[in-house]
Amino acid sequence: MTLENRLSAFVALGDYLRALTEEELEYLARRTGQFNNFFDLPNVSAALSGIAHMLQREALEKWVAQYDFSQITPKKVGVVMAGNIPAVGFHDALCILLSGHILQAKLSSDDPFLVRHLLDKLIELDDRFLTQVQFVDMLKESDAIIATGSDNTARYFEYYFAKRPHIIRKNRTSVAVLTGEETLEELAALGDDILRYYGLGCRNVAKAYVPVGYDFTPFFEAIEYKKEVVNHHKYQNNYDYNKSILLVNRVEHLDNGFLMVTESKNLVSPISVLFYETYTNAEDLKAKLTEVQDKLQCVVSKEGAWQNSFSFGQAQCPAVTDYADGVDTMAFLAKL
């Protein structure tokens with residue numbers, strides 16, 4: 001297959017996703033949710049919409065034009081796919097197949113259906129992908145590895161795959177920078193950055209940096225529209241549990257009935273909890289963010305004003321060029 005053949009197939013896959021009917025989305029969400037109850041219709045729809053947004057010809061052509069795949073000798077590239085949000089492993093599959101390599105996908109037990117469905121549809125659109133896509137339980141035959149996991153599993157991956165070219169991703173999280181000058185609309189958008197996918201993704205904002213004396217009242221008012229998250233039984237279980245922990249330990253916190261906010265130096269907050277940390281001035285804030293930059297997937301701020309940040313509401317809308325952990329997957333594949 002030529003690069004143009006591969007591009008055209010993915011563009012067609014994007015067209016398929018954009019044309020999904022409500023009934024088809026409900027079916028996909030129902031099947032996906034059988035393996036992970038957090039993968040409900042709103043979240044599956046959001047994930048597929050994000051993938052469809054990536055799969056636009058102009059964006060794909062501009063992206064791949066940055067790399068030279070003309071001399072690629074196809075290698076088997078194994079991917080240990082995460083399962084924290086729906087179809088989160090699709091971007092790695094896209095990179096591998098567009099670059100001309102062979103995908104060996106080890107699907108997550110939390111998300112074994114949706115990525116397979118997307119790749120099966122890709123094969124249906126161009127059956128030449130049949131020899132390029134493999135679903136495997138073991139990665140012993142892979143020539144290179146891309147693996148995503150916790151900091152603990154990353155150490156295992158580093159040891160196990162040490163002799164093969166690899167990208168090993170560790171825990172990442174996202175943060176917000178607030179100044180107190182945000183509009184209610186911007187704070188409402190931040191609510192989506194925090195609560196989309198119930199806070200399970202590495203691009204979900206888990207902590208906010210706020211000026212000393214920050215008033216959270218406007219924030220709580222702005223995100224009231226997200227209150228239905230607590231109607232999900234697993235989210236409510238987390239909310240009830242984490243609330244009891246804060247109360248028993250007498251930890252000072254704010255609570256609006258579905259999200260709790262508490263001060264903490266930690267970066268990764270539990271589901272239903274937003275951590276915050278105060279700063280005194282721009283220099284203090286810069287020092288705090290610099291200290292943790294290797295742990296951050298993305299930063300959101302008012303109009304994306306903070307360096308290398310996204311606007312509020314855009315954390316869960318990565319472009320095709322936004323690589324996990326900031327590691328250029330396509331560059332890695334081009335050198336194999």
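In which helix is Glu26 found?

Mentor: Glu26 is found in helix α2, which spans residues 22-33. The model is a predicted one, in which local features need pLDDT of at least 70 and side-chain atom pairs count only at pLDDT 80 or more, while totals for chains, interfaces and linings use all residues. Residues are numbered from 1 along each chain as its sequence is written, and side-chain values use heavy atoms, with hydrogens and water left out. Helices (H or I, at least four residues) and strands (E, at least two) are DSSP runs numbered from the N terminus.

With a relative accessibility of 34%, Glu26 is classed as partly exposed. On this scale buried means under 20% relative accessible area, exposed means over 50%, and partly exposed lies in between (1.4 Å probe, protein chains only). Together with Glu22, Glu23 and Glu24, Glu26 makes up a patch of negative charge on the surface. A patch consists of residues with over 30% relative accessible area and no salt bridge, like charges being joined within 9 Å and nonpolar side chains (Val, Leu, Ile, Met, Phe, Trp, Tyr) within 5 Å. Lys and Arg count as positive, Asp and Glu as negative, and His and the chain ends are not counted. Each charge is placed at NZ of Lys, CZ of Arg, CG of Asp or CD of Glu. The areas come from the Shrake-Rupley method with a 1.4 Å probe, and for residues only the protein chains shown count as cover.

A salt bridge requires a side-chain nitrogen of Lys or Arg within 4 Å of a carboxyl oxygen of Asp or Glu, and the whole structure holds 15 of them. In one, the closest N and O atoms of Glu61 and Arg57 are 3.1 Å apart. These two residues stand four residues apart in helix α4 (residues 57-64), and so are separated by about one helical turn. Both partners are partly exposed, Glu61 at 33% and Arg57 at 30%. Asp192 and Arg196 also meet in a salt bridge, at 3.0 Å from N to O; here Asp192 is buried at 15%, whereas Arg196 is partly exposed at 22%. The salt bridge of Lys243 and Asp255 has an N to O distance of 3.3 Å. Because Lys243 lies in helix α10 (residues 233-248) and Asp255 in strand β8 (residues 254-255), this pair ties together parts that are 12 residues apart in sequence. Elsewhere, Lys207, Lys265, Glu277 and Lys288 are linked in a network of salt bridges.

Phe157 and Phe161 make a stacked pair, their centres 5.9 Å apart and their planes at 25 degrees. Rings of Phe, Tyr and Trp (its six-membered ring) pair if their centres lie within 6.5 Å, with planes under 30 degrees apart counted as stacked, over 60 as edge-to-face and the rest as tilted. Ring pairs also link Tyr214, Phe216, Phe219, Phe220 and Tyr276 into a cluster.

Finally, the backbone deserves attention. Most residues other than glycine have a negative phi. Arg250, in the loop between α10 and β8, has a positive phi near 55 degrees and is exposed at 78%. Glu303 has a positive phi of about 55 degrees, lies in the loop between β11 (296-301) and β12 (310-311), and is exposed at 63%.
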